[in-house]
Amino acid sequence: MRIQVVCLLLVLLAASVLSKDENLRPTYDKFKNQHIIKQMNTSDCDDVMRKREIFVRKNKRNACKPVNTFILADESKVKSVCEKGTRQGKYVKSKAVFNLIACKLTNKKTKYPKCKYEGTKLSKKKILIKCINKFPVHYEGDLRYCEA
């Protein structure tokens with residue numbers, strides 16, 4: 001009888017953990033869409049922002065996002081920051097460095113979907129992200145990397 005109770009508790013615990021991960025899936029998928037891309041050039045900002053439908057909601061309308069940063073890496077490398085990085089308050093700082101493309105809106109008066117962006121390449125940057133259950137869910141920023 002005790003073994004059955006323990007087994008039942010283990011099954012319920014596993015289901016609870018899996019359920020949390022599934023509830024996190026939309027947030028993680030949004031993070032991936034907005035911030036992870038294997039390859040990209042600074043001239044690709046307009047195309048990528050439009051194809052991935054990256055925008056903000058203002059007054060119940062879609063608006064051009066002022067700035068969006070893309071991490072040039074595969075998903076597994078970015079995800080590993082959550083496990084291997086250094087905690088800094090509610091964020092995690094990567095130990096590894098990443099190349100980034102920052103896409104900045106060129107004209108703040110532009111109406112969505114006619115957003116135009118200028119890209120800037122940022123090399124060898126450590127990133128600061130928010131992680132929940134080992135999944136990145138928010139990009140907070142990048143940090144200057146200095147070799148010691």
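A residue counts as exposed when its relative accessible area is over 50%. In this predicted model, K134 has a relative accessible area of 51% and is therefore exposed. K134 lies in the loop between β8 and β9, the latter spanning residues 135-143. Its backbone carries a positive phi near 70°, in a residue other than glycine. A second case is E53, with a positive phi near 50°. E53 is placed in the loop between α2 and β2 and, at 55% relative accessibility, also counts as exposed. Such values stand out because most residues other than glycine have a negative phi.

The protein chain contains four helices and nine strands. Along the sequence these elements follow the pattern α-β-α-β-β-β-α-α-β-β-β-β-β. Of the 148 residues in the protein chain, 32% count as buried. Among contacts in the protein chain with a separation of 6 or more, 63% are made by residues 24 or more positions apart.

Two aromatic pairs were found in a search of the whole structure. F55 belongs to the loop between α2 (45-51) and β2 (56-58), whereas Y112 belongs to the loop between β7 (98-105) and β8 (117-132), so the pair ties together parts 57 residues apart in sequence. F55 is partly exposed, with a relative accessible area of 24%. Y112 is likewise partly exposed, at 28% relative accessibility.

The bond between Y112 and P113 is cis, with omega at about 10°. P113 is found in the loop between β7 and β8. Another ring, that of F98, has the charged end of K77 over it, 4.9 Å from the ring centre.

The largest pocket holds about 320 Å³ of space. It is lined by 13 residues, of which K58, A63, C64, T110 and K111 are the closest to its centre. By residue class, the lining divides into five nonpolar, three polar and five charged residues. Strand β3 (residues 61-63) gives the largest share of this lining, with three residues.

Technical notes
Residues numbered from 1 in each chain as written. Predicted model: local features only at pLDDT ≥ 70, side-chain atom pairs only at ≥ 80, totals over all residues. Heavy atoms only, no water. Phe/Tyr/Trp six-rings, centres within 6.5 Å; stacked < 30°, edge-to-face > 60°. Helix = DSSP H or I, 4+ residues; strand = E, 2+ residues; numbered from the N terminus. Buried < 20%, exposed > 50% of the residue type's maximum accessible area, 1.4 Å probe, protein only. Lys NZ or Arg CZ within 6 Å of the ring centre and 35° of its normal. 1 Å grid on protein atoms, 1.4 Å probe; cavity = no way out; pocket = protein on both sides within 12 Å on 5 of 7 lines; lining within 4 Å. Points joined across faces, edges and corners; volume = space filled by probe spheres on them. Nonpolar A, V, L, I, M, F, W, Y, C, P; charged D, E, K, R; others polar. Contact = heavy atoms within 4.5 Å.
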